[in-house]
Amino acid sequence: MNVFSNGPPCNAGCQKSLTYIVGGKEHINDVGRGMDDDAKPSTVVLSNPSLTLMDGIKGKRSLRNKKKVLVLNFTPLFDTTAARYFKQDKYMLGVLGMAEALISEGYRVTYRKHVSEDPRYSAFFFNNPSFGEGFKIDDSGSFSDALANHGIVISNVTSGFYQALYAGWPAIFFEPVIN
């Protein structure tokens, strides 16, 4: 049995006598690409838990929600220096400006906190009465429920970005440059 954690395991060089394991149904065709079907080896699919959560809404994006934007935060715990907080603050300031611009164009913006985020952090940034009805902070329900009620996702480094793409939602990777 061969297990490959990165990239396609083999193309025409697969051995029929071996069983190959792939991570997720989306990689099933990577094994034995270019080989005749009768020459391809056996393949076992191990699902990716974060993507499997999206199977219930995959391909069900509603155009009725096209002007509803779901903005996701990320955790600053990926780094061990104080710079992580500066990066997160830059991101939040960028989200603030982006939300103002989108709301002025008639969009509704929902900010979804990261599970490890202190609620006081987002409250500090988004205590802005000028947003009116066009903005809300939402952390209720599952991510897939929140995604189903929006037409587009904007985020930085978080699994939600990949989950949205997998489910078929347009997703914008947002990396603000603020001096």
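## Reading a predicted chain, feature by feature

From the N terminus on, the elements of the chain run β-β-β-α-β-α-β-α-β-α-β-α-β. The model is predicted.

User: How many helices and strands are there in the chain?

Analyst: The chain has five helices and eight strands.

User: How much of the chain counts as buried?

Analyst: Of its 179 residues, 40% count as buried. The chain exposes about 10400 Å². Carbon and sulfur atoms supply 55% of that area.

User: What share of the contacts joins residues at least 24 apart?

Analyst: Take the contacts between residues at least 6 apart in sequence. Of these, 59% join residues at least 24 apart.

User: Which residue follows H5?

Analyst: Gly168 does. Its phi is positive, near 100°.

User: On to pockets. How much space lies in the largest pocket?

Analyst: Again, the idea first. Rolling a probe the size of a water molecule over the atoms shows where empty space is left. In this model, the largest pocket holds about 320 Å³ of space. It is lined by 13 residues. Closest to its centre are Arg112, Lys113, His114, Val115 and Phe143.

User: Which element gives the most to the lining of the largest pocket, and what classes are in that lining?

Analyst: H5 gives the most, with three residues. By class, the lining has three nonpolar, six polar and four charged residues.

User: What is the volume of the second largest pocket, and which residues are closest to its centre?

Analyst: Its volume is about 230 Å³. The lining has 17 residues. Lys68, Thr110, Lys136, Asp138 and His150 are the closest to the centre. Two or more lining residues come from each of E4, strand E5 (108-112), strand E6 (135-137) and H4. E5 gives the most, with three. Sorted by class, this lining has four nonpolar, seven polar and six charged residues.

User: Last, the aromatic rings. How many aromatic pairs does the structure hold?

Analyst: A pair of aromatic rings is described by the distance of the centres and the angle of the planes. This structure holds seven aromatic pairs. One of them joins Tyr91 and Phe174. Their centres are 5.8 Å apart, with 55° between the planes, and the pair is tilted. Tyr91 sits in helix H2 (residues 83-104). Phe174 sits in the segment after E8, 83 residues apart from Tyr91.

User: Are Tyr91 and Phe174 buried or exposed?

Analyst: The cut-off for buried is under 20% relative accessible area. Tyr91 is at 1%, so Tyr91 counts as buried. Phe174 is at 17%, so Phe174 counts as buried too.

User: Why is the pair of Tyr111 and Phe126 tilted?

Analyst: The pair is tilted because the planes stand at 50°. The ring centres are 4.8 Å apart. Tyr111 lies in strand E5, and Phe126 in the loop between helix H3 (119-125) and E6. They are 15 residues apart. Tyr111 is buried, at 0% relative accessibility. Phe126 is buried as well, with a relative accessible area of 7%.

User: Which residues do ring pairs link into a cluster?

Analyst: Tyr111, Phe126 and Phe135 form that cluster.

Technical notes: Residues numbered from 1 in each chain as written. Predicted model: local features only at pLDDT ≥ 70, side-chain atom pairs only at ≥ 80, totals over all residues. Heavy atoms only, no water. Helix = DSSP H or I, 4+ residues; strand = E, 2+ residues; numbered from the N terminus. 1 Å grid on protein atoms, 1.4 Å probe; cavity = no way out; pocket = protein on both sides within 12 Å on 5 of 7 lines; lining within 4 Å. Points joined across faces, edges and corners; volume = space filled by probe spheres on them. Nonpolar A, V, L, I, M, F, W, Y, C, P; charged D, E, K, R; others polar. Buried < 20%, exposed > 50% of the residue type's maximum accessible area, 1.4 Å probe, protein only. Contact = heavy atoms within 4.5 Å. Areas by Shrake-Rupley, 256 points an atom, 1.4 Å probe, with all protein chains shown as cover. Phe/Tyr/Trp six-rings, centres within 6.5 Å; stacked < 30°, edge-to-face > 60°.
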